[in-house]
Amino acid sequence: MNDEQLVNKCLEKDTLAQKQLFEFYSRRMMGVCLRYSKDMDEAKDVLQMGFIKIFEKLEMYNHQGSLEGWIRKIIVNTALDNIRKNKKLQNNVEIEKVDFQLQNANENAIDVLSAQDLLKVIQSMPTGFRTVFNMYVIEGFSHKEIAEELNISVSTSKSQFSRARVYLQKILIKEEII
């Protein structure tokens, strides 16, 4: 079944099609959830909430663009809603107040890390750092879009990203990766 047929079957409340849609996309979307969550349990909750929203809003999918992209957007928004709901966005500091110096800026530590190691480091970040880092680096949001989505200033988004980079660098130095 192609995506259009699968969506149509799901809209007809075909439980086998719904199961197939979930099984096909859940593993990839769990990766998204893990990047925004502090642990596996929270990621599973976000994934479940996200798929509930997907099935509730499936009639809104207009078959333009990829189904996976549409699902990913709902999952990311669900993860952000979860962060907002839990009021965990912390360590907000205006960029003008940040004092840091990056060393070895030319090295690319991401190439040295395994995906699992990187995920552990990202999950260890404070929620504010993790959220902005994911949105900017992985999802490709601009600082303006992040600010609007999280209801923070652009400079706070930049600050959170800068502090996330410093945090990541400290971990990589501590673990002797760079």
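This is a predicted model: local features need pLDDT of at least 70, side-chain atom pairs count only at pLDDT 80 or more; totals for chains, interfaces and linings use all residues.
The mean pLDDT of the chain is 83, and 83% of the residues score at least 70. Among the elements of the chain, α3 has the highest mean pLDDT, at 96, whereas helix α5 (residues 115-124) has the lowest, at 79. In the stretch of residues 88-109 the pLDDT is below 50, although this stretch has 45 contacts in the model beyond near neighbours in sequence.

Helices α2 (residues 15-36) and α3 (residues 40-57) pack with their axes 9 Å apart, at an angle of about 135°. This angle makes α2 oblique to α3, and the crossing of the two helices is right-handed. On the side of α2, the contact is made by Gln18, Leu21, Phe22, Tyr25, Ser26, Met29, Met30, Cys33 and Leu34. The residues contributed by α3 are Met40, Ala43, Lys44, Val46, Leu47, Phe51, Ile54 and Phe55. By class, the contact of α2 with α3 has 14 nonpolar residues, 2 polar residues and 1 charged residue.

Helix α2 also packs against helix α4 (residues 67-85), where the axes come within 10 Å and cross at roughly 40°. That angle makes α2 oblique to α4, and this crossing, too, is right-handed. From α2, the residues Leu21, Tyr25, Arg28, Met29, Val32, Cys33, Arg35 and Tyr36 take part. They meet Leu67, Glu68, Ile71, Arg72, Ile75, Val76, Ala79, Leu80 and Ile83 of α4. The contact of α2 with α4 comprises 13 nonpolar and 4 charged residues, with no polar ones. Leu21, Tyr25, Met29 and Cys33 of α2 take part in the contacts with both α3 and α4.

The axes of α3 and α4 come within 9 Å and cross at roughly 125°. The two helices are therefore oblique to each other, and α3 passes α4 in a right-handed crossing. In this contact, α3 supplies Glu42, Val46, Leu47, Met49, Gly50, Phe51, Lys53, Ile54 and Lys57. The residues of α4 are Trp70, Ile71, Ile74, Ile75, Thr78, Ala79, Asp81 and Asn82. Divided by class, the contact of α3 with α4 has 10 nonpolar, 3 polar and 4 charged residues. Val46, Leu47, Phe51 and Ile54 of α3 contribute to the contacts with both α2 and α4, and Ile71, Ile75 and Ala79 of α4 to those with both α2 and α3.

Glu139 lies in the loop between α6 (127-138) and α7 (143-150). A polar contact of 2.7 Å joins the side chain of Glu139 to that of Arg35. Apart from neighbours within four places in sequence, Glu139 is in contact with Val32, Arg35, Tyr36, Arg72, Val76 and Asn134. Of these residues, Val32, Arg35 and Tyr36 of α2 and Arg72 and Val76 of α4 also belong to the contact of α2 with α4.

Methods: Residues are numbered from 1 along each chain as its sequence is written. Side-chain values use heavy atoms; hydrogens and water are left out. Axes are lines fitted to C-alpha atoms, for helices over the stretch in contact, and angles run from 0 to 180 degrees between N-to-C directions. Helices (H or I, at least four residues) and strands (E, at least two) are DSSP runs, numbered from the N terminus. Angles under 35 degrees count as roughly parallel, over 145 as roughly antiparallel, 65 to 115 as roughly perpendicular and the rest as oblique. A crossing is left-handed if the near helix is turned anticlockwise from the far one by less than a right angle, and right-handed if clockwise. Contact means heavy atoms within 4.5 Å. Ala, Val, Leu, Ile, Met, Phe, Trp, Tyr, Cys and Pro count as nonpolar, Asp, Glu, Lys and Arg as charged, and the others, Gly among them, as polar. pLDDT is the predictor's confidence in each residue, from 0 to 100. A polar contact is a pair of N or O atoms within 3.5 Å; within protein, one must be able to donate a hydrogen and the other to accept it, and residues adjacent in sequence count only if both atoms are side-chain atoms.
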